Amino acid sequence: MKQLTIPERPGKDAFRFWQEGGGYDRNLTTSKAAYSVIDYLHLNPVRRGLVEHPRQWKWSSFRYYESDGMHVEPDTPRIDPLPQ
């Protein structure tokens, strides 16, 4: 909690779970919706021109999902599958 509290103005701290600024958030209530967002996120490095295919982005979970959980990067955070 302390790491998520930032100074808003002198003498006033604010709790920020999300970054300030624009964006779009919503609740994902189905596995289909969650996988749709995951697919969208996997394409972000491609859209930015950082790689040609999502599997090339080291920090992507694309390879994990592409391999049905068989491919795990040893030096990245662990991924737990979504409930079915």
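The side chain of Gln-56 reaches the backbone nitrogen of His-53 at 2.7 Å, which I call a polar contact: N or O atoms within 3.5 Å, one able to donate a hydrogen and the other to accept it, with residues adjacent in sequence counting only if both atoms are side-chain atoms. This is a predicted model, where local features need pLDDT of at least 70, side-chain atom pairs count only at pLDDT 80 or more, and totals for chains, interfaces and linings use all residues. Residues are numbered from 1 along each chain as its sequence is written, and side-chain values use heavy atoms, without hydrogens and water.

Gln-56 sits in the loop between helix H2 (44-47) and helix H3 (62-66); helices are DSSP runs of H or I, at least four residues, numbered from the N terminus. Gln-56 is partly exposed at 47% relative accessible area (buried is under 20%, exposed over 50%, partly exposed in between, with a 1.4 Å probe and protein chains only).

In that loop between H2 and H3 we also find Ser-61. Ser-61 is buried, at 19% relative accessibility, and its side chain makes a polar contact with the side chain of His-42 at 2.7 Å.

Now the rings. There are 2 aromatic pairs, meaning Phe, Tyr or Trp (its six-membered ring) with centres within 6.5 Å; planes under 30 degrees apart are stacked, over 60 edge-to-face, the rest tilted. Tyr-35 and Tyr-65 pair edge-to-face, 6.0 Å between centres and 90 degrees between planes. Tyr-35 is in helix H1 (residues 31-42) and Tyr-65 in helix H3, so this pair ties together parts 30 residues apart in sequence. Tyr-64 and Tyr-65 are also edge-to-face, because their planes are at 85 degrees, with centres 5.3 Å apart.

Note on methods: Helix = DSSP H or I, 4+ residues; strand = E, 2+ residues; numbered from the N terminus.
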